[in-house]
Amino acid sequence: MEAWPGQPFPLGPIWDGGGTNFSVFSENAERVELCLFDDDGNEDRIEMTERTAFNWHCYVPGVGPGQRYGYRVHGPYDPAQGQRFNPAKLLIDPYAKAIEGPVDYHAANVLPYTPTGDADADLQPDQEDDAAAIPKCVVIDPSFDWEDDRAPARPWNETVIYEMHVKGFTKLNERIPEHLRGTYAGLASDEAIEYLTSLGVTAVELLPIHHIADESYLVDRGLTNYWGYSSIGFLTPHAMYAATGRRGEQVREFKGMVKALHRAGIEVILDVVYNHTAEGNHLGPMLAFRGIDNASYYRLVADDPRFYMDYTGTGNSLNPVHPSVLRLIMDSLRYFVGDCHVDGFRFDLASALAREFHEVDRLSAFFDVIHQDPILSQVKLIAEPWDVGEGGYQVGNFPVLWTEWNGIYRDVMRDFWRGQASTGDFAFRFTGSSDLYERDGRKPFASINFITAHDGFTLADLVSYNDKHNEANGEDNNDGTNDNRSWNCGAEGPTDDPGINELRARQQRNFLATLFLSQGVPMLLGGDEHGRSQGGNNNAYCQDNEISWIDWGLDEERADLLHFTQRLIALRRAHPVFRRTRFLEGETEPTTLPDVWWFRPDGRKMTRRDWEGAVGPRLGVFLNGSELGTRTPHGEPVLDDSFLVLFNADGETVDFTLPPRRFGLHWVLELSTSEPNAEPRKFLAREVVRVEGRSLILLRRT
């Protein structure tokens, strides 16, 4: 087949209407072959003789959308020196825009060595051709009619995030046509979008949609990496979530989903995994990066490059210190913003990306490049601010422009509602965690607040189980964290005891109310709004089944919780006092009220001794809607109602005396977690309000 020299940039396959330019980076390769496959699997190899700036490139006339391809890369196989080239193994293009499907581990040996069970087996190359096992990359037509699509550009303080899985969200929804369930098109359906808009969320945070390669040990158990933290293609939507096809159609379908969500005013945030790949440790498969240029793409142990630095717990860590690897990450991000119109990213194990050498460095090249980028610096950036390496827990230490999953918020709120958190810790988290974010100029919305996330118990399980129950994962219940800070309310798992079930329902309302009344950005785990359970599994990463999929068969109790959540989100969106753009100060002039005022059950101001724990998990807070310190786009001051929140995380009923007249003469019941359907009642200053055990009450000044 005829091939022309082509161009080194851009990397990946670029179709121009007459043919396709192919370019792949490898600094240490000796030869590179482009492998083209027809529909029957027949292979044609083209020697890529041109090499510019370590990019191997060629142009193939007549090749266009739908063409299946991969690479074979030649060089030394010397693991002791960090080199693992093996041309017997077909490789996925790191810059592919579409990949057909899963790795077929049963079709051929995808390990670069023969698995003999010997500890040093990986030191000798395997000669079996594995083309039958490797999914082929696909050349695509990038054109798409975006019509008048515009990013919703929701301000951070007005954002409500819904963390969800593309497949799990719609797989069991009988209102959606069966052939669309579990797909991008299913999420784009009128039924799915109507639900999200009625719930009131403003953004969906999608678990990883980059193309995934399941680990072989999961395949052997009949399981898959359902969460998707096993990326192998950083520029391609996962093919298995497409209803329309896998030969490039998945790209068009993904774009259609983004356009449909935007039309409904909902932003799309992608959970991205640039800290590691699906290739695992030194005994893992050769799928792409390991065979293209192992020493460039991965962090290797300095004095023994046969092995990988593992800051991620997955066996390897990508090497963003290398310029070409950093470029891959940036090109991936820009592609999904520019070509696919996504609105932001949540970076999995983001601390691993900030490790220049070993220490986590907030001034690393990764941050510098993003902050200087005119496109990426303007989208929503969320860090999971930890990894598994030494010094990796970095909550509060990411630079400006970044928000963070606030794991400290999660832990404190879980402890508070089981009566084990200090009032001071609770107050800091409830008011936006100024101790973590104010010193470097960030705002309350730097804190992404959450009670639960995909990793851990669901909300229903948090109040139903003391211990994890991960037997279905096939790891003897040894996987998943033991630090759940959960409380089963008196029985482990499902029970017929009405008192326990009522307490569990109230605790779920307590957590949800606390989340949506807190300063910062709330993130709701998909299904928590109506009591989804995983049967106590706190690590359902491999459960692509009813354990993880959202059950839409709501009974009366679950429907009531959904209605309560809708009320909370609507309340938050209606009242800027709960979504401030500045931290609360608590100070006041003699003639004005403070923006926040904490008080004891007797209605008196909290003292230092009270903050040290003498009061216990019972306190109230006044939130002043007249002291928000922010203005509208036209410069007018933003004003709101003022509220009292009365918290009682103790098991016994507590009588609260309302604050004196200067804080407000008349108050009306807005919400009670012990009586979610209570009619509005009026109260006067200094009146006693009874707050049931383990509940909260919200009062609005009239």
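**Inside the model: spaces and packing**

Mentor: Let's start with the lining of the largest cavity: β11 (161–164) and α1 (166–170) each give at least two residues to it. Keep in mind as we go that this is a predicted model. The space in this cavity comes to about 160 Å³. Its lining is made of 16 residues, and the closest to the centre are H165, Y226, L525, R532 and S548. Sort that lining by class and you get eight nonpolar, six polar and two charged residues.

How many cavities of 30 Å³ or more does a search of the whole structure find? Three. As for how such spaces turn up, rolling a probe the size of a water molecule over the atoms shows where empty space is left.

The second largest cavity holds about 60 Å³ of space. Here you can look up the whole lining: R414, W417, R418, L462, V463, R485, S486, W487, Q507 and F511. By class, that makes five nonpolar, two polar and three charged residues.

A pair of aromatic rings is described by the distance of the centres and the angle of the planes. The structure has 44 aromatic pairs. Take F347 and W402: their ring centres are 5.1 Å apart and their planes sit at 55°, so this pair is called tilted. You'll find F347 in strand β16 (residues 344–347), while W402 is in the loop between β17 (380–383) and β18 (403–405), so to speak on a distant part of the chain, 55 residues away. Both of these residues are buried. F416 has a relative accessible area of 0%, so it counts as buried. W417 also comes out as buried, because its relative accessibility is 0%.

One aromatic cluster is formed by F25, F234, Y274, F289, Y297, F345, F347, F366, F367, F398 and W402. Leaving out residues up to four places away in sequence, F347 touches V272, Y274, L333, L353, F366, I370, L381, I382, A383, E384 and W402.

Another tryptophan to click on is W156, in the loop between β10 (137–138) and β11. Is W156 buried or exposed? W156 has a relative accessible area of 15%, and the cut-off for buried is under 20%, so W156 is buried. Setting aside residues up to four places away in sequence, W156 touches I161, K380, L381, I382, T403, F445, I448 and V521. Look at A446 as well: W156 and A446 are 290 residues apart in sequence, yet their C-alpha atoms are 8.5 Å apart in space.

The largest pocket has a volume of about 1200 Å³. It is lined by 43 residues, and W227, T312, L349, D455 and N539 lie nearest its centre. Two elements give two or more residues to that lining, namely α4 (216–220) and α10 (407–416). Of the elements, α10 has the largest share, with three residues. The classes in this lining are 14 nonpolar, 15 polar and 14 charged residues.

The second largest pocket has a volume of about 590 Å³. A total of 29 residues line it, and A460, Q508, G531, E557 and R558 are the closest to its centre. Two or more lining residues come from each of α13 (459–462), α14 (498–517) and α15 (556–574). With seven residues, α15 has the largest share of this lining. By class, you get nine nonpolar, ten polar and ten charged residues there.

Definitions and conventions: Residues are numbered from 1 along each chain as its sequence is written. This is a predicted model: local features need pLDDT of at least 70, side-chain atom pairs count only at pLDDT 80 or more; totals for chains, interfaces and linings use all residues. Side-chain values use heavy atoms; hydrogens and water are left out. Contact means heavy atoms within 4.5 Å. On a 1 Å grid over the protein atoms alone, a cavity is a set of points where a 1.4 Å probe fits but cannot get out, and a pocket is an open set with protein on both sides within 12 Å along at least five of seven lines; lining residues have an atom within 4 Å of a point. Grid points are joined across faces, edges and corners, and a volume is the space filled by probe spheres set on the points. Helices (H or I, at least four residues) and strands (E, at least two) are DSSP runs, numbered from the N terminus. Ala, Val, Leu, Ile, Met, Phe, Trp, Tyr, Cys and Pro count as nonpolar, Asp, Glu, Lys and Arg as charged, and the others, Gly among them, as polar. Rings of Phe, Tyr and Trp (its six-membered ring) pair if their centres lie within 6.5 Å; planes under 30 degrees apart count as stacked, over 60 as edge-to-face and the rest as tilted. Buried means under 20% relative accessible area, exposed over 50%, partly exposed in between (1.4 Å probe, protein chains only).
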